[in-house]
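Try each task yourself before reading its solution.

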Amino acid sequence: MKALSQKRRHPLAAVALLLLGLLVTGGLYAVATNVNQAQASTTNNFTASDTAEGEKLFAANCATCHGMGASGTDAGPSLVGVGAAAVDFQVGTGRMPMQMNGPQAYKKPAQFNDEQTNQLSAYVASLGAGPALPEESLLDGGGDAAKGGELFRVNCAMCHNAAAAGGALTRGKFAPALDGVSSKHIYEAMVTGPQNMPVFNDANISPDDKRDIITFLKQIETTSSPGGAELGALGPVAEGLFIWVAGLGVIIGFTIWLTSRTS
Amino acid sequence: MSAATTTAEPAFVAKTKGGQITNFVDERVGGSGILREFGRKVFPDHWSFMFGEVALYSFVILLMSGTFLTFFYDPSMAETHYTGSYIPLQNVEMSVAYSSSLNISFDIRGGLFMRQVHHWAALLFVASVAVHMLRVFFTGAFRKPREMNWVVGSTLLILAMAAGFTGYSLPDDLLSGNGLRIIDGVIKSIPVVGTFISFFLFGGEFPGTAVIGRLYVLHILLVPALILLMIVAHLFMVVVHKHTQYPGPGRNDGNVVGYPLGPVYAAKAGGFFFIVFGVIALIAGLFTINPIWNYGPYDPSPVSAGTQPDWYIGFVDGALRLMPGVIGDFHFEFVIFGFVLSLNVLLPALIPAGILFSVMFTYPWIEQWITKDKREHHVLDRPRNAPTRTAIGMAGFVWYCVMWAAAASDLIATHFHVSLNDVLYWLRALFFIGPIIAFIVTKRIALALQRKDREIALHGRETGRIVRLPHGEFIEVHAPVDEYKRYKLVGFESPEPLPAQPNENGVVDGSEKRRALLSKWFFEDRVAPATPSELEAAHGHHGDHEAIDSSADNKSISR
Amino acid sequence: MGNHSDGSPDTSGTVARAGQGEVDKFQDPGLPPHRLRLADTDPKAAKRAERQVAALFGISVVGTVVFIISYFAIDLGGDTSNATVRLQNTLLGLGTAFAMLGIGIGIVHWARALMPDHEVSELRHEIRTEEDRVAAMAIVDEIVEETGIKRRPLIRNTLLGAVALAPLPALAIFGDLGPRPDNALAHTMWAPEDGKLKRLSRDPDGTPIKASDVTIGSAFHVIPEGLNELEEGKLNEKAKAVVLLMRLDPASLNPSPGREDWAYNGIVAYSKICTHVGCPVALYEQQTHHLLCPCHQSTFDLTRECKVIFGPASRPLPQLPIAVDDEGYLVATSDFKEPVGPSYWERDMHERSNNNS
């Protein structure tokens, strides 16, 4: 990213950036329209006042990057057709508004309260159909944890780690740990595919299967590891580091005591 | 044990209980001779001498906990559906091996504890073997007459890694299964026979249904038997050679100073077994290791982020990660006469490990050839007093650590918020320049420490007390060291480079010339130990440090 | 001893003695005087140390009791929760740790504080004596002489030949460890059976996938139709046949000549098995269109037919040619055109024969 910011000072950089922005916008527009075709989204029951309030909030807080009417600018993609779920996820986890440009938006304390987030979602949902907010019944964690585990390992574990501890992607991007992420946000991430995460639409993983995955995640999140402290659930690297530093450290302490003379 | 032993005569009546037991044993197997030899055998005492014992005790703990695990573990790759008490895997299809590992963890009392003891002890076993070898290397304990024992020890390191690796795969979980798959990929890259070896190992195509059972036999039978055999040989040679000792007053190559085996050393060593066991038990009770229930059963389709081997195989995995498969348009995979040569896999899998192990096995003879020092050594070198050897060791260690770190490249990236690709670019550079920097820096540090020793031997230690002399000069008062401490600082050899020698025909051949060059490289930078006359001079110029330094300069430091 | 200035290593075979007997060297002052410990002079201190050792042994007993109680009082089996297992594990660990550390620290404390701590010096003996060596060599010579092996080269040579050949049967009996590889690695389950093209189905359910299900940006983990119904060798087939299915903007795909019809409407299928050493390459970044292998970080660019752009892999991932059948389901129009997974010696041969058939 440093390299990018240096090049930005080049006179042609503005032109390049403009072209890039147009490409991204166009590309995402294509994505959005395609999603629209395939997604048989239910619409949430937002009131007209939600939408109106959301529009004001959007104009004040988001339009700088995403443009008036969320049609996108050089700095941010169009949000037409991304759906309420995408807004709820991005704003609800604090990823939007973005702290700074970088390989990836970081999770941070949310800037808007639930009501405001809802209003923003309502506004963006009114611009074009997209994945809606999930129904409560899918988030209750009452599904089949074993089935969810199997689906998680096939579809999610390669990026998020088998114990949902997170993992690295290319060039500074990463898949975050899922500990402490709410059921709603997990669901929304699956249907909208934020940033570089692929989309898992309902034809790929059915809503019930998503419920199973959430059940599994909540199960492993709430139950403690039977073996004791987990060392970050990071696998053999953490274990090796521990035995070298703590294990051998304690042993060396004992050997020094053992071979020293008493006073 | 407490009573003195006596020769065995039928009419003999021992006066103490201990004597009676000794006599009983002696009359039947003749143990007196052994006891007489060992009962008061002297062992030097130093904390760095204990790592071999840590390794031995970890191995004993491994045997005990491993035996428990074999009672419940079933090395079958047959399909089954899990019915145990871990809910997130209920009714999932898996192998019997994985299912029985889960049962050990969740349904057998103390099973999880034993599994964790076994795995933590395994990590500690290999780690202590490694640290023990580093200690032996850096103190020069591998020198004559202990070269053979160094080789046996190196073999033990490889066997320990083999034991660990074969055990790692047994639970047949997703993590170890992907590990096996990587091994399969590496084996397949072997020219000519690779495909055949892969099919023979797995009993057909990967993963097949045979490999777990085969690894199990290796893990519980062949490898531990070889380790035991090597340990016996190792300890036998330790007894024959007697232990080395650090230099110091009263210690020389003709004696061994320390505590007698009975009672002090035996008590310390025996007590230490319980301490090692206690530490492992504490770790196993409080810290999860290898949470196989997180990984799920092996299935060729999924994989988890952060798939890594246990630490001792890490450096090979790291080397695999460091190697670029394509540079520009140059591919490291070749097709020669219609056959495939995958250098992008073969080179990193074989070359670094090959170099490390072959240098490790032959180092005693390499050094002997360079220095022409074929004497017996029983007094160790302090690492600073053999700067070049210490630097070589650190260069190798850093090289190893770079590969080791590469195996954790993804975790370094996520935990320090840097780009995964940048981590690997840096490590690729360090792979080449890291050892060189380490060599130079270590050698300089060793020489600096030697100079510091010289300073202290000649001028005493700094007290931090500043005194103003009558004519206004400020000096720091130095307290002289006593002769015992001083001897520790000066009682070492500092050989000079050995020029090329003519052979029996009076000719200096090429190999001898090369040896002389290496000898120059090995001994060129040296700090000579302080001598009594220098000390005399130092006392003569008390307080005038500069003068002494310049007079000692040409003697102490060449170059 | 350390004086090499005349260049002659006159020291071979002798024992090194650092600085002994040299003119300008510090002489060894001998062992430092023995310093008494508190417990040696003060009976109270000795008594205190004794009590400490006993207390440590007492702690060990407590540890053993903790272990036994936690073993019998906490029962596993049925539907025990993780918390129960964890509690028992922790208590067993603490019990053992206290039991062992109590004994260990107690004994060592006893040895350090109360047992005599005089350092003693023992002389080293020569590992071998000259007399033994001469005798041993004589014995060896005698033995060799009595066998007459030097005088009877026929016996010696035939014996050498026999011994050299004898291990061959041992090698041979390992010949059945596995079948010959032949061309098992060249094919996967995707090859059409009896002219019927295999449908792409979801991993792990095995339900078929419609082209319309695959929206832009999504990634499906795919197994061939019928895999789950295999009686045996399921994992072996799965290890070769797993595929990742993704949909991109068709304009961003740049198919090379001959591969134009391998994708359907921007939907592409690539083998999930890394061409490096075989880990599943399953990390799809939907914006950059990169595929990343989590094991060794090989990165493949989907927009350039999975060309390697980073990491240790050298070959692109094999592409599975796909199309849509009458009912709208995705099918593989043929097997992979090359062997999947890591390279092996015969790989190129297999690729050529696959393309010829």
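**Exercise 1.** Work out what percentage of the residues in chain C is buried, and how chain C compares with a compact globule.

*Solution.* Start with burial: a residue is buried if 20 or more other C-beta atoms lie within 10 Å of its own, exposed if 12 or fewer, and partly exposed in between, with C-beta atoms placed from the backbone. On that count, 41% of the 357 residues in chain C are buried. A word on ground rules: this is a predicted model, where local features need pLDDT of at least 70, side-chain atom pairs count only at pLDDT 80 or more, and totals for chains, interfaces and linings use all residues. Residues are numbered from 1 along each chain as its sequence is written, while chains are lettered from A and ligands numbered from 1 in the order in which they are written.

Next, list the elements: chain C has eight helices and 12 strands. These are DSSP runs numbered from the N terminus, with helices being H or I of at least four residues and strands E of at least two. Now the overall spread. The radius of gyration of chain C is 38 Å, well over the 21 Å from the globule rule for 357 residues, so chain C is more spread out than a compact globule. (The radius is taken over C-alpha atoms, and the rule is 2.2 Å times the number of residues to the power 0.38.) Along the principal axes, the C-alpha atoms of chain C fill a box of roughly 100 × 75 × 50 Å.

**Exercise 2.** Find which element of chain C gives the most residues to the side that touches chain B.

*Solution.* First, count the contact, taking two residues as touching if their C-beta atoms, placed from the backbone, lie within 7 Å. Chain C puts in 97 residues and chain B 114. Then look at the contributors: helix H3 (82-113) of chain C comes out on top with 18 residues. Finally, sort the chain C side by class: 49 nonpolar, 32 polar and 16 charged residues. (Nonpolar covers Ala, Val, Leu, Ile, Met, Phe, Trp, Tyr, Cys and Pro; charged covers Asp, Glu, Lys and Arg; the others, Gly among them, are polar.)

**Exercise 3.** Decide whether Thr139(B) is buried or exposed, and find its contacts away from sequence neighbours.

*Solution.* Locate the residue: Thr139(B) is in the loop between helix H5 (111-138) and helix H6 (147-168) of chain B. Then count: 24 other C-beta atoms lie within 10 Å, so Thr139(B) is buried. Lastly, leave out neighbours within four places in sequence, and Thr139(B) is in contact with Leu380(B), Asp381(B) and Pro383(B).
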